[in-house]
Amino acid sequence: MTVTESLINTYTESDALDLARLVKQGEVTPVELVEAAVTCIERFNPELNAVVHKLYDLGKEAATSVDHNALFAGVPFLLKELFTQWKGTSLTNSSRYMKDIIAPVDSEMARRIKRAGLILVGKSNSPENGWSISTEPKLYGVTKNPWKEGITAGGSSGGTAAAVAARLVPLGEASDGAGSIRIPASCCGIVGLKPSRGRVPLAPFGDYWYGGVYFLCCSRTVRDTAAYLDVLAGGLPGDPYTPPIPDLPWLELMVREPKKLRIGFTVTSPNNTQIDAQVKKAVLATVHELERLGHIVEEHNMEFDTEVAWRTYTNMTCVQTAAIFDDLSNIVGRPVTPNDVEPVTWAILERGRSISGMAHSNDIEKIRLLGRELTSDLVSYDIFITPTLAQLPRPMGYYDMSEPDIDRYNAKLTDSMFAYPFNITGQPAISLPLGWSDDGIPIGIQLVGRYGDEATVLQVSAQLEQAMPWKGRRPSVIV
């Protein structure tokens, strides 16, 4: 079919819920939306390299049988090339070792995504096994930031974030083990929510990184994020973590005016690492706006030993990563070798294999105690505000996975010092594009809520979306 520029304009200017509304009203068909997505990907992905697997035929077939009553009826969607199983599609984790693996079944998340009416048109780029806050895997190549040449799109959900920012799709899957939803959202000027621990089930897996890994999405609007949370949220019997469940959908709760809140903030690093002056300015502008909106705001610097926490968290996750690769040998048909993975990945596996069971048990306990300490430090605040990243987006190549020393590599990841602590505590945390550098680069501001209270996080986010709108901002690579 011929895709008109009018359709392209409608597609790129609408968020996911608006597109679903047009489908339900009969103003556009799911087939037309898929064709619009294909056109946008074909036009602009060669410059971005955000989409690494094109699943157009799959999407076109699914578009013919969409339930028009579904929340996201007919909306094109990208799945991140990491972890989530979608039957019949690649499951490489951006690793040469897994390059021939095809998902044999749908995971629970995939089943929920399909029921919501979302249509898979491709898979987005990710660093190998997600272990980077940039997206530059050797298997698929670099994903570029649509705002400026030469800077990172963030990671590990950088492919999704770049695609959403450039309007290839309105919504895409993202996941977060140390900031990997929020950091690319910050780099690409979009919305990224890490939900509470246990909010989204990982089935068929029981757990991963002891509750440190979270799944949701990147989007351009707060309401799309709230609606997608409604789609994915809800534990299964026997899940290890059970956050409280609100009485109403988050899409309804987010439009309510929040009560007068007590809000804390910091522009001081807990480990004395320098924070960019423009990042500080963006945080303070956000705080000033919240004060104007009637909230009680006070500065409070985090009491948290980031060096101990990062070292312990790394060691803990290395053990589980090594165990998963051992399991993968049964699927791949042979053990992993240094030639199969990037040097940092091999260093992670070697570190994981070197840690005793006793040391691993002690690391788990230490992480849980550190999480309790930070949660207690911030317990008096309804919302706590930090930078998402301590610095503006780094140049491509800065987070180099060809580094064979895991400690030297991880030393550069201190840019995420405000992100990964909340993977440890389990609290919901969102990055919003509320700041902009002098040359127009997005600066994400992080809002952290109490455990299980995504509703307040979304309500304040919706307030800020109205008060400090980003809708009119357009990256240089734009449809």
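The second largest cavity is lined by Ser186, Val279, Leu389, Gln391, Leu392, Pro393, Pro442, Ile443 and Gly444; here a cavity is a set of points on a 1 Å grid over the protein atoms alone where a 1.4 Å probe fits but cannot get out, and lining residues have an atom within 4 Å of a point. Strand E11 (residues 442-449) gives the largest share of this lining, three residues, strands (E, at least two residues) and helices (H or I, at least four) being DSSP runs numbered from the N terminus.

The model is predicted, so that local features need pLDDT of at least 70 and side-chain atom pairs count only at pLDDT 80 or more, whereas totals for chains, interfaces and linings use all residues. Residues are numbered from 1 along each chain as its sequence is written, and side-chain values use heavy atoms, with hydrogens and water left out.

There are two cavities of 30 Å³ or more. Among the 19 residues lining the largest cavity, Gly198, Val200, Leu202, Val213 and Tyr241 are the closest to its centre.

A pocket is an open set with protein on both sides within 12 Å along at least five of seven lines. A volume is the space filled by probe spheres set on the points, which are joined across faces, edges and corners.

| Space | Volume |
|---|---|
| Largest cavity | about 170 Å³ |
| Second largest cavity | about 40 Å³ |
| Largest pocket | about 750 Å³ |
| Second largest pocket | about 550 Å³ |

Of the 37 residues that line the largest pocket, Leu82, Phe83, Asn93, Tyr208 and Ile324 lie nearest its centre, and H11 contributes the most to this lining, with nine residues.
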